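This briefing goes through one protein chain by topic. The sequence and the structure come next, and the points follow.

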Amino acid sequence: WLLARNSAREIVAGQMMQTASETAEGIPFFIQTGRANIRQLAEEIGDPAASQGGALGSDLQDALHRLTYFSRLVVFDPSGAVRAAAPDQGLPDRSLPLEVEAALASAALGIPLEVVTAPSSPRDGAQLVFLSPLGNPEGDRAAGVLVGWTDLGAAPLLQPVIARLAGHTAGEAYVADDRGVILIHPNPERWLARVALPAGQE
């Protein structure tokens, strides 16, 4: 009986390792794609002060359809005011999540970065937000900041990852951050739930 139990544990452990390995392969590619997309788009936009607001909004709307990566794109000026957004009905107000507010200040100093935020509605997954400085910084500030949101629960590039997690039947499979917050899970009801990470895995 002990031999059979140990053998079963080895099989489950092997399945878990395979799922983890396959899942881990897709996530770096997803993040690198987002970084490349936001950087390319920031280079195309250049200095937002040189563009008319309507034209800039049209460029962002076109980028949403062309890249199929982001769910929302917003250009902020150096003071943090919105210059243009796509979709235009998705113009964020000044009550941005604290993580985005802090990242916006850093990006305005010329530092590109990403942050994870809670979903804007219960139907959405966690949001991965990419921020890229715009234009050539004058002094210690950029000419603006381009911000792109992507929904981790609906991003096309992550669907193979979610399918792998759903295919793991020997237990629960998900992707969590270093705080134990579930970011990707095949069951939307588990998004942003907290789990206890094994010792040494934080």
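A residue counts as buried under 20% relative accessible area, as exposed over 50%, and as partly exposed in between. By that rule Glu114, at 29% relative accessibility, is partly exposed. The model is predicted. Its chain has four helices and seven strands, and 40% of the 202 residues count as buried.

**Overall layout**

- Read from the N terminus, the elements follow the order α-α-β-β-α-β-β-β-α-β-β.
- Among contacts in the chain with a separation of 6 or more, 50% are between residues 24 or more positions apart.

**The five-stranded sheet**

- An open sheet is built from five strands in the order S2-S1-S5-S4-S3, with antiparallel pairing.
- Its edges are strand S2 (82-86) and strand S3 (113-117), each of which pairs on one side only.
- From one strand to the next, the twist averages 20°.
- Helix H3 (residues 98-107) lies across strand S1 (72-76), S3, S4 and strand S5 (144-151). The helix runs at about 170° to S3.

**Strand S4 and its partners**

- Strand S4 (residues 127-134) pairs with S3 in the antiparallel sense over five bridges.
- S4 also pairs with S5, again in the antiparallel sense, over eight bridges.
- Val129 of S4 is the bridge partner of Val115, and in S5 the bridge partner of Val129 is Trp149.
- Val116 has Leu128 as its bridge partner in S4.
- Eight of the eight residues of S4 are buried, so the strand is largely enclosed by the rest of the structure.
- Gln127, Val129, Leu131 and Pro133 point one way from S4, while Leu128, Phe130, Ser132 and Leu134 point the other way; all are buried.

- Gln127 is found in strand S4. With a relative accessible area of 7%, Gln127 is buried, because the cut-off is under 20%.
- Not counting residues up to four places away in sequence, Gln127 touches Ser71, Val115, Val116, Thr117, Ala118, Pro119, Trp149, Thr150 and Asp151.
- Leu64 is found in helix H2 (residues 53-67). This residue is buried too, with a relative accessible area of 11%.
- Leaving aside neighbours within four places in sequence, Leu64 is in contact with Phe70, Ser71, Arg72, Leu73, Ala86 and Pro87.

**Salt bridges**

- The structure holds five salt bridges.
- One of them joins the side chains of Arg35 and Glu114 at 3.0 Å, N to O. Arg35 lies in helix H1 (residues 2-45) and Glu114 in strand S3, so the pair ties together parts that are 79 residues apart in sequence.
- Arg35 is partly exposed, with a relative accessible area of 31%; Glu114, at 29%, is also partly exposed.
- Arg190 and Glu172 form a salt bridge in which the closest N and O atoms are 2.7 Å apart. Arg190 lies in the segment after strand S7 (182-184) and Glu172 in the loop between helix H4 (159-166) and strand S6 (175-176), so the pair ties together parts 18 residues apart in sequence.
- Arg190 counts as partly exposed at 25% relative accessibility, and Glu172 is partly exposed with a relative accessible area of 44%.
- The side chains of Arg66 and Asp62 meet in a salt bridge at 3.5 Å, N to O. Because the two are four residues apart in helix H2, they are separated by about one helical turn.
- Arg66 is partly exposed at a relative accessible area of 41%, and Asp62 is partly exposed at 43% relative accessibility.
- Arg66 and Asp62 belong to a network of salt bridges that also links Glu44.

Terms used: Residues numbered from 1 in each chain as written. Predicted model: local features only at pLDDT ≥ 70, side-chain atom pairs only at ≥ 80, totals over all residues. Heavy atoms only, no water. Pairing = 2+ DSSP bridges. Axes fitted to C-alpha atoms, helices over the stretch in contact; angles between N-to-C directions. Contact = heavy atoms within 4.5 Å. Buried < 20%, exposed > 50% of the residue type's maximum accessible area, 1.4 Å probe, protein only. Salt bridge = Lys/Arg side-chain N within 4 Å of Asp/Glu carboxyl O.
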